[in-house]
Amino acid sequence: MTNAELIAEARKLDAEATPGPWSPYDVSEPVTPSDMKLIARARTLLPQLADALEKAEIALREVANEPYIKGARGGGAARRHFEEVK
């Protein structure tokens with residue numbers, strides 16, 4: 001799956017589930033089928049999203065470490081920006 005597909009799926013599951021926050025000790029709300037889909041898919045979706053984020057951060061660091069980036073003023077602007085938002 002692409003990153004965009006993973007994100008879209010996560011947002012869809014979140015939108016369909018019972019609004020949070022959830023507590024493992026609060027049983028006042030019944031668990032719905034949508035909640036169960038979210039819980040089950042989160043087991044593999046979260047690691048996939050974490051992997052995608054990690055790859056994106058590595059790629060961004062590689063770009064930020066380039067000595068010159070076309071269009072970036074002073075060549076180090078991208079690196080400075082990345083360091084600020086890290």
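**Figure 1. Contacts and secondary structure of the protein chain.** Among contacts in the protein chain (heavy atoms within 4.5 Å) between residues at least 6 apart in sequence, 40% join residues at least 24 apart. The structure is a predicted model, in which local features need pLDDT of at least 70, side-chain atom pairs count only at pLDDT 80 or more, and totals for chains, interfaces and linings use all residues. Residues are numbered from 1 along each chain as its sequence is written, and side-chain values use heavy atoms, with hydrogens and water left out. The protein chain has three helices and zero strands, in the order α-α-α along the sequence; helices (H or I, at least four residues) and strands (E, at least two) are DSSP runs, numbered from the N terminus. Of the 86 residues in the protein chain, 16% are buried (under 20% relative accessible area; exposed is over 50% and partly exposed in between, with a 1.4 Å probe and protein chains only).

**Figure 2. Helix α1 against helix α2.** The axes of α1 (residues 3–16) and α2 (residues 33–64) come within 10 Å and cross at roughly 150°. Axes are lines fitted to C-alpha atoms, for helices over the stretch in contact, and angles run from 0 to 180 degrees between N-to-C directions. The crossing angle therefore makes α1 roughly antiparallel to α2 (over 145 degrees; under 35 is roughly parallel, 65 to 115 roughly perpendicular and the rest oblique). On the α1 side, the contact is made by N3, L6, I7, E9, A10, L13, D14 and E16, and on the α2 side by S34, K37, L38, R41, L45, Q48, L49 and A52.

**Figure 3. The largest nonpolar core.** Five residues form this core: L6, L13, A17, L38 and L45. A nonpolar core is a set of buried Ala, Val, Leu, Ile, Met, Phe, Trp, Tyr and Cys residues joined through side-chain atoms within 4.5 Å. The elements giving two or more residues to the core are α1 and α2. Residues up to four places away in sequence aside, L13 touches K37, L38, R41 and L45.

**Figure 4. Surroundings of R41 and M1.** R41 lies in helix α2 and is buried, with a relative accessible area of 18%. Not counting residues up to four places away in sequence, R41 touches M1, L6, E9, L13 and Q48. M1 belongs to the segment before α1 and counts as exposed, at 61% relative accessibility. Beyond its neighbours within four places in sequence, M1 is in contact with L6, E9 and R41. The C-alpha atoms of M1 and Q48 are separated by 9.2 Å, although the two residues are 47 residues apart along the chain.
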